[in-house]
Amino acid sequence: QVQLVESGGGLVQAGGSLRLSCAASGRAFGTYAMGWFRQAPGKEREFVASIRGSARYPYYADSVKGRFTISRDNAKDTVYLQMNSLKPEDTAVYYCAARRGDYGPYPYWGQGTQVTVSS
């Protein structure tokens, strides 16, 4: 089992940048695929980005492609989401999630961190 704690959210102006971090506790972090999701007020939670345990094959939602970058440091048991060129529509609670292996649902979730982008 793994526990996840996100940090790095905050208030930023449109066009600005933020870097989210998700620290994992537990064993064998490198065997977990990691994902970032977000949920805006009144909307369903949506996929943002994912990365395999090997740190290969990052994958992005079309809405963030070219602006966000997912990465991980397996030595630090941490996954990151670098968010550039932020837009007001990126405002949401951002969650990281983990799953064993590269496919399937994400059973492990963090508590979320708020990102607010002002226009």
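**Entry 1: the salt-bridge network**

I started with charges and found that R38, E46, R67 and D90 are linked in a network of salt bridges. For a salt bridge I required a side-chain nitrogen of Lys or Arg within 4 Å of a carboxyl oxygen of Asp or Glu. The model is predicted, so I noted its limits: local features need pLDDT of at least 70, side-chain atom pairs count only at pLDDT 80 or more, and totals for chains, interfaces and linings use all residues. Residues are numbered from 1 along each chain as its sequence is written, and side-chain values use heavy atoms, with hydrogens and water left out.

Side chains of opposite charge can pair when their charged atoms come close. I searched the whole structure and got 5 salt bridges. One of them joins E46 to R38, with the closest N and O atoms 2.6 Å apart. I then looked up accessibility, where buried means under 20% relative accessible area, exposed means over 50%, and partly exposed lies in between (1.4 Å probe, protein chains only). E46 counts as partly exposed because its relative accessibility is 34%. R38 has a relative accessible area of 6%, so R38 is buried.

R38 also meets D90 in a salt bridge, at 2.9 Å from N to O. D90 lies in the loop between β8 and β9 and R38 in strand β4, so this pair ties together parts that are 52 residues apart in sequence. My strands are DSSP runs (E, at least two residues), numbered from the N terminus. Both D90 and R38 are buried.

I noted another bridge, between K65 and D62, with the closest N and O atoms 3.1 Å apart. K65 is partly exposed because its relative accessible area is 49%. D62 is at 67%, so D62 counts as exposed.

**Entry 2: R67**

Where does R67 sit? I found R67 in the loop between β6 and β7. R67 counts as buried because its relative accessibility is 11%. Next I checked polar contacts (N or O atoms within 3.5 Å; within protein, one must be able to donate a hydrogen and the other to accept it, and residues adjacent in sequence count only if both atoms are side-chain atoms). A polar atom of the R67 side chain lies 2.9 Å from the backbone oxygen of S63. The R67 side chain also reaches the backbone oxygen of S85, at 3.0 Å. I listed contacts too, meaning heavy atoms within 4.5 Å. Not counting residues up to four places away in sequence, R67 touches Q82, M83, N84, S85, L86, K87 and D90.

**Entry 3: aromatic pairs**

A pair of aromatic rings is described by the distance of the centres and the angle of the planes. Rings of Phe, Tyr and Trp (its six-membered ring) pair if their centres lie within 6.5 Å; planes under 30 degrees apart are stacked, over 60 edge-to-face, and the rest tilted. How many aromatic pairs does the structure hold? I got 6. F37 and W109 form a tilted one, with 4.9 Å centre to centre and 55° between the planes. This pair links distant parts of the chain: F37 is in strand β4 (residues 32–39) and W109 in strand β10 (residues 108–109), 72 residues apart. F37 counts as buried because its relative accessibility is 12%. W109 is at 29%, so W109 counts as partly exposed.

F47 and Y59 are also tilted, at 5.8 Å centre to centre and 35° between the planes. F47 lies in strand β5 (residues 46–51) and Y59 in strand β6 (residues 59–60), so their pair ties together parts 12 residues apart in sequence. Y59 is exposed because its relative accessible area is 52%. Ring pairs link F37, F47, Y59, Y106 and W109 into a cluster.

I also looked for charges over rings (NZ of Lys or CZ of Arg within 6 Å of the ring centre and within 35 degrees of the ring normal). R45 lies over the face of W109, at 3.8 Å from the ring centre. R72 lies over the face of F29, at 4.4 Å.

**Entry 4: the core**

Last, I checked the nonpolar core (buried Ala, Val, Leu, Ile, Met, Phe, Trp, Tyr and Cys residues joined through side-chain atoms within 4.5 Å). The largest has 30 residues, and those with the most contacts inside it are M34, W36, L81, M83 and Y94. The elements giving two or more residues to this core include β3 (18–25), β4 and β11 (113–118). Not counting residues up to four places away in sequence, Y94 touches W36, L81 and M83, among others.

Conventions. Helix = DSSP H or I, 4+ residues; strand = E, 2+ residues; numbered from the N terminus.
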